[in-house]
Amino acid sequence: EPVAKYGTLDVTFDYDSQEQKLLVTVTAVTDIPTYSRTGGSSWQVHLVLLPIKKQRAKTSIQRGPCPVFTETFKFNHVESEMIGNYAVRFRLYSVRRMKKERIVGEKIFYLTKLNLQGKMSVPVILEPSYSLSGCDSQMSMSEVSCSGSTSSCQSLVHGSAPEILVGLLYNATTGRLSAEVIKGSHFKNLAANRPPNTYVKLTLLNSMGQEMSKCKTSIRRGQPNPVYKETFVFQVALFQLSDVTLILSVYNKRSMKRKEMIGWISLGLNSSGEDELNHWTEMKESKGQQVCRWHTLLES
């Protein structure tokens with residue numbers, strides 16, 4: 001039983017495998033923290049379909065200690081044979097006038113738990129939002145950036161080498177490898193004298209070097225120190241974990257067709273260096289806790 005409550009959503013899932021669509025109804029929220037903890041009395045729920053993050057939704061804003069929404073949202077192109085790769089992230093925000101909305105709690109609901117026929121009503125118990133910090137901090141993360149004292153959050157070289165902050169987490173029970181691309185620093189536009197438009201491509205390879213899965217972040221425009229905060233989930237069985245390689249490549253997208261690689265790192269079986277290998281080992285030993293580390297990019 002959690003000591004502190006971050007809200008419980010009353011949610012109904014209705015999945016249609018023929019139409020490949022998922023209907024999610026957010027009915028109400030209970031167990032909201034007290035006003036003294038959140039400073040809010042108006043509430044809104046945000047939903048996003050992971051891992052692509054293209055389909056998003058949010059409820060109307062409702063007031064009171066037990067807000068009722070009863071709103072249904074539709075997510076398309078959810079293939080039944082790929083259902084294990086999808087999840088819906090719920091976030092509860094307290095909305096205050098004239099102030100930035102503040103995140104109260106969040107939960108990632110994996111669609112593997114879905115009843116593929118008919119409706120399914122479940123309580124979605126929210127947890128404190130760690131993911132926004134890029135660190136395993138116990139605070140509720142709304143605007144918080146990493147504190148300088150946490151070594152994993154400090155940049156390695158305060159010079160000019162491009163670096164990337166990556167969070168790794170492995171859940172042995174579900175066989176899910178989560179890689180969070182948190183932020184970059186000192187990204188350069190090699191050709192022009194202006195800040196780059198960058199994205200990060202993630203590629204998972206098996207022991208033979210064959211591609212198992214790939215995905216990429218959205219583009220951050222004109223930022224030498226971009227913040228991505230995007231998490232990608234790969235299905236990797238425990239026995240495979242020592243045999244896969246995860247490559248992160250940072251690209252500068254220059255014009256319609258052209259892109260140039262700023263640098264890359266690899267983690268896992270064929271790690272690109274000792275730091276990357278240590279990060280992978282720490283993740284395997286951390287029993288489901290996210291481990292964040294800065295890595296200097298290698299030039300292509």
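**Exercise 1.** Decide whether Tyr251 is buried or exposed.

*Solution.* The relative accessible area of Tyr251 is 12%. Buried means under 20% relative accessible area, exposed over 50%, and partly exposed in between, with a 1.4 Å probe and protein chains only, so Tyr251 counts as buried. This is a predicted model, in which local features need pLDDT of at least 70 and side-chain atom pairs count only at pLDDT 80 or more, while totals for chains, interfaces and linings use all residues. Residues are numbered from 1 along each chain as its sequence is written, and side-chain values use heavy atoms, leaving out hydrogens and water.

**Exercise 2.** Classify the aromatic pair that Phe13 and Phe109 form.

*Solution.* Rings of Phe, Tyr and Trp (its six-membered ring) pair if their centres lie within 6.5 Å, and planes under 30 degrees apart count as stacked, over 60 as edge-to-face and the rest as tilted. The structure holds three aromatic pairs. For Phe13 and Phe109, the centres are 4.4 Å apart and the planes 15 degrees, which makes the pair stacked. Phe13 lies in strand β1 (residues 8–16) and Phe109 in strand β8 (residues 102–110), so the pair ties together parts that are 96 residues apart in sequence; strands are DSSP runs (E, at least two residues), numbered from the N terminus. Phe13, at 1% relative accessibility, is buried, and Phe109, at 7%, is buried too.

**Exercise 3.** Which residues do ring pairs link into a cluster?

*Solution.* The cluster consists of Phe13, Phe90 and Phe109.

Note on methods. Helix = DSSP H or I, 4+ residues; strand = E, 2+ residues; numbered from the N terminus.
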